[in-house]
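The notes follow in the order of the look-ups.

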Amino acid sequence: MILGVAAVLLVSAPWIWTSTAAWGHVHDAADAPAADVVVVLGTTVGADGQPEDRLAGRLRTAAELVAAGRARVVLVSGDGGGLSGDEPAAMTAYLTGALGVDPARVVADRHGLDTYDSCIRARDVFGVRRALIVTQSYHLSRAVTLCRSVGIDVDGVRARCDGCGRALLAEKAVRDYFASGKAAWDVVRGRPAAVTSPPNPAIQNALS
């Protein structure tokens, strides 16, 4: 019995870490603090090139933050060569088209291949030191913890997910539980981003 409890605690330690480290830094869009930059993490794009429900919800939430004056520039970070398509391109088109965000306020990172890479590249390539980060609630604590662990003063904002069923959200929550182990290992070993790039002044230019 004791060994079983110890094993559960050991397996759960990374998830407990991501949850507790994000405590006090997770908000709804209506009460989010202000930051110059809001980072939107990429995910699946539909066969028609349009964001699927989860990604569309993240982008709508980011657009709400910009409209409310809680953020000035949107950094869309995802996989530009993903299996489902070019995530940052689809994100940019949706923000500037369907959601009416000024194109001058949108910066794209095509090499945010996972959450950790998005945080590292936001810091090293785009010079982000303070930001909001938007994703669904099941993913948010891990995203906040990873970015804060690499030195970005981040607050997380829960994304909308209209059309997301309970089964899908439960599946993603279980996946994120196990992904927390990789997150902890990436931070412990200081893994570099999969793709390195020179400094990019796009965010500073958009803010000026």
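Entry 1: I began with Cys147, which is buried at a relative accessible area of 5% (buried is under 20%, exposed over 50%, partly exposed in between, with a 1.4 Å probe and protein chains only). The model is predicted: local features need pLDDT of at least 70, side-chain atom pairs count only at pLDDT 80 or more, and totals for chains, interfaces and linings use all residues. Residues are numbered from 1 along each chain as its sequence is written, and side-chain values use heavy atoms, with hydrogens and water left out.

Which residue forms a disulfide with Cys147? I found Cys119, with the two sulfur atoms 2.1 Å apart (a disulfide is a pair of cysteine sulfur atoms within 2.5 Å). The pair links distant parts of the chain, 28 residues apart. Cys119 sits in helix α4 (residues 115-124) and Cys147 in helix α5 (residues 137-149). I took helices (H or I, at least four residues) and strands (E, at least two) as DSSP runs, numbered from the N terminus. Cys119 is buried too, at a relative accessible area of 0%. I noted -90° about the S-S bond of Cys119 and Cys147, a left-handed link.

**Entry 2: the other cysteine pair.** I counted two disulfides in the structure. Cys161 is joined to Cys164, S to S 1.7 Å. What is the handedness of the disulfide of Cys161 and Cys164? The torsion about its S-S bond is about -55°, so it is left-handed. Cys161 is buried at a relative accessible area of 17%, and Cys164 is buried at 14%. With bonded cysteines counted along the chain, I wrote down the pattern as 1-2, 3-4.

**Entry 3: Ala22.** I looked up where Ala22 lies and found it in the loop between α1 (2-21) and β1 (26-27). Is Ala22 buried or exposed? Its relative accessible area is 2%, so Ala22 is buried. Leaving out residues up to four places away in sequence, I listed Ser141, Val144 and Thr145 as residues that Ala22 touches (contact means heavy atoms within 4.5 Å). I also checked Ala22 against Leu113, 91 residues apart along the chain; their C-alpha atoms are separated by 22 Å.

**Entry 4: the record.** UniProt, in an unreviewed entry, places "domain: DUF218" at residues 36-157. Its positions are in the numbering used here, feature names are shortened, and annotations may be inferred rather than shown by experiment. Over residues 36-157 I noted 39% helix and 20% strand, with the end C-alpha atoms 14 Å apart.
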